[in-house]
Amino acid sequence: MKNLLRVTAVTPKVHIGNVTGNVKEIAEIYGEYSDKTDVIVTPELSLTGYTCGDLFENRHLIDNALKGLMEIAELTEDAGGKKAAIAVGLPFEVEGELFNCAAFVQNGEVVCIVPKTYLPNYGEFYEKRWFSSGERDAVSVELPGGKETVFGNNLIVDMGYDDERVLIGIEICEDAWTPISPGRLLALNGAEIILNLSASNEIIGKEQFRRNLVGGISSSCICGYVYASAGLYESTSDIVFSGHNLMYENGKLLGEIKPFEDGVLTKDFNLTKIRHDRIANKSFADCRNIHVEREYVRVICDKPIMDKKYILAKVPMTPFVPSRNVLDRCISIFNMQVAGLRRRIEATKAKCVVVGVSGGLDSTLALLVSAKAISDLRMDSRSVVGITMPGFGTTNRTKNNSISLMELLGCDIREISIVESVKQHFLDIGHDINVKDVTYENCQARERTQILMDVANKEGGFVVGTGDLSELALGWCTYNGDHMSMYGVNTSIPKTLVRTLVDEIGHHMEKNGFAGIAPVIEDIIDTPVSPELLPPNEDGTIAQKTEDTVGSYILHDFFLYYTLRYGMAPEEIYDLCNEAVKQSDIYNFSDEEIGKWQKVFYTRFFRQQFKRNCMPDGVKVGTVSVSPRGDLRLPSEIEIEDFV
């Protein structure tokens, strides 16, 4: 697993004013995690305790803290330099001033010391009584034993080895709570991961405020953010601390140790995701160009990023499908589809919408969306003209389901067979009906599209497309057949999500005025995905199964998501897919299957761009879309050899 940085946030038991005791606590933690993670982060002033008060002015405490720092540095010595780096907090004196600092330590060296910039001096906080503001450019400072390090709040740690490197910025507690925080400036200057050593006390409402704060910085700065806070044993006098530790990546919560819970938080940050989103978000670069004037110094830390045989994060096999609040998410997506279609109906002053209903998942979702849009506009339910068009491959199961669904929704139901018209077309073009090739299949698809569009013209409406995102990505649609419509409601809904939407929305409608719809929905979900263009088996069941030809939509949607959402390289997606399979209790794809269908994905995805270049309008509901008008602009003649 490449491009992963593993970070551990830990809240040791603190001994206020007792550096020896704190070094011992940190040493035990380091001993346990030094070979299990890349970076360990401890809270603010972890070598002394945050609540030492006027003891910070005591020479003995200041000297002991520096001595403790050097003892921590000795702990990290490693012949190969592979042990974890660690960030600890201490009071540190420079030129007669005392600063609240974070020290970044690795392989026996204090790589750098970063002072706290903003000192809270309100409410329960009195930091300006003891410390100076750390708004200082980088300078070299002496350490015991003739060693030196660099001190300043304009430092970025450049950690790694050869081409596997990561840029790390450091800020301290209150710094993050300011309008223009050091962490934001560090991120604008390249820092990909921000470490915050904090001593944030607990009061009512602060827990959620803290999540909002850290998540917001991570989101707007497109970075990983590690927040390690002081815990229960820091509590004294009038204030209490809770050890609320958080990790966010690009605004997404990776994990937390909730207030007053014990535990160590270790997570992997995906550097590919961070780097992709920074490249894609031009406003981030613009902000840097406008607001960054100060020079930031990179401090080299040649610690190899550890090899990851697994990832400490949930990697779902179906990244498009919501894992939490599923019904609410599905309703939100469905409402977006409905809103897009409703606006198109109003704008065109259409008298009706026409939907080709096959009894499959995609047409079911399009029909549900159409019925809801018509209902919201207070139009007659028969303004949804549903047309079933049986052909050579249509089975009784799908035909019956399509008619049952339209009856339950109160549609204008029409059945128009395409058999005779396609036979005539075969005669016209000289095609042998016994040759069941791509011409045999596509003639049927184009005949159906002709019927839909002509009915729409006749009735004063337009055709609602049923094709989904996965089909568009793979080019699994007939050019100028099911590829074409006047408006596509499923164009940014991948196949895996279509199934979930149909299931959730169908059962939701069952409970809200559409009694009897659930059994039909369940049988549609149970039906194999098929275009039904080839004759059925002798027993009347579907013979042509899409996934037998193009591969599993579970895999293709996985490849699609990480290719478009994060721009991942093929080998990285392959590794990630293997990890997802290992984590899954449901899916069991072999390495060979993943590799085989990944090549199919890239081949079809790049070679079918010409179909996407002229795709109809359709509502965008997620971060991944293939519309050529905004989301995906590729040459049709792209060469794919490097990908397969």
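**Before selecting anything**

This is a predicted model, in which local features need pLDDT of at least 70 and side-chain atom pairs count only at pLDDT 80 or more, while totals for chains, interfaces and linings use all residues. Residues are numbered from 1 along each chain as its sequence is written, and side-chain values use heavy atoms, with hydrogens and water left out.

**Whole chain**

Show the C-alpha trace of the protein chain: along its principal axes the trace spans about 100 × 50 × 45 Å. Switch to cartoon for the 19 helices and 20 strands. Helices (H or I, at least four residues) and strands (E, at least two) are DSSP runs, numbered from the N terminus. Of the 644 residues in the chain, 57% are buried. Buried means under 20% relative accessible area, exposed means over 50%, and partly exposed lies in between, with a 1.4 Å probe and protein chains only.

**Aromatic pairs**

The structure holds 24 aromatic pairs. Rings of Phe, Tyr and Trp (its six-membered ring) pair if their centres lie within 6.5 Å; planes under 30 degrees apart count as stacked, over 60 as edge-to-face and the rest as tilted.

Select Tyr479 and Phe610. Their ring centres are 5.5 Å apart and the planes are at 35 degrees, so this pair is tilted. The pair links distant parts of the chain, 131 residues apart: Tyr479 is in the loop between helix H12 (469-474) and strand S20 (487-488), and Phe610 is in helix H19 (residues 609-612). Tyr479 is partly exposed, at a relative accessible area of 35%, and Phe610 is partly exposed at 36%.

Next select Tyr587 and Phe589, an aromatic pair that is stacked, with 6.3 Å from centre to centre and 5 degrees between the planes. Tyr587 counts as partly exposed at 26% relative accessibility, whereas Phe589 counts as buried at 15%.

Then select Phe559, Phe601, Tyr602, Phe605, Phe606 and Phe643, which ring pairs link into a cluster.

**Charges over rings**

A charge sits over a ring if NZ of Lys or CZ of Arg is within 6 Å of the ring centre and within 35 degrees of the ring normal. Select Arg6 with Tyr310: Arg6 lies over the face of the Tyr310 ring, 4.9 Å from its centre. For Lys13, the ring to select is that of Tyr233, whose face it lies over at 4.8 Å from the ring centre.

**Helix H17**

Select residues 570-583, which form helix H17. From first C-alpha to last, the 14 residues of H17 reach 20 Å, close to the 20 Å expected at 1.5 Å a residue; the expected span is 1.5 Å times one less than the number of residues. How many residues of H17 are buried? Ten of the 14 are, so H17 is largely enclosed by the rest of the structure. Among them are Pro570, Ile573, Leu576, Cys577 and Val581, as well as Glu572 and Glu579.

**Second largest pocket**

On a 1 Å grid over the protein atoms alone, a cavity is a set of points where a 1.4 Å probe fits but cannot get out; a pocket is an open set with protein on both sides within 12 Å along at least five of seven lines, and lining residues have an atom within 4 Å of a point. Grid points are joined across faces, edges and corners, and a volume is the space filled by probe spheres set on the points.

The second largest pocket holds about 1100 Å³ of space. To find its centre, select Ser358, Glu471, Asp482, Ser530 and Pro531, the closest of its 49 lining residues. Elements giving two or more residues to this lining are helix H8 (361-376), strand S17 (384-388), helix H11 (438-459) and strand S19 (461-465). H11 supplies the largest share, seven residues. The lining has 20 nonpolar, 20 polar and nine charged residues. Ala, Val, Leu, Ile, Met, Phe, Trp, Tyr, Cys and Pro count as nonpolar, Asp, Glu, Lys and Arg as charged, and the others, Gly among them, as polar.

**Largest cavity**

There are three cavities of 30 Å³ or more. The largest cavity has about 120 Å³ of space. Select Gly467, Leu472, Asp482, His483 and Thr491, which are the closest to its centre among 14 lining residues. Its lining has four nonpolar, seven polar and three charged residues.

**Two single residues**

Lys147 is in strand S7 (residues 147-151) and is partly exposed, at 30%. Glu510 is in helix H13 (residues 495-510) and is partly exposed, at 27%.
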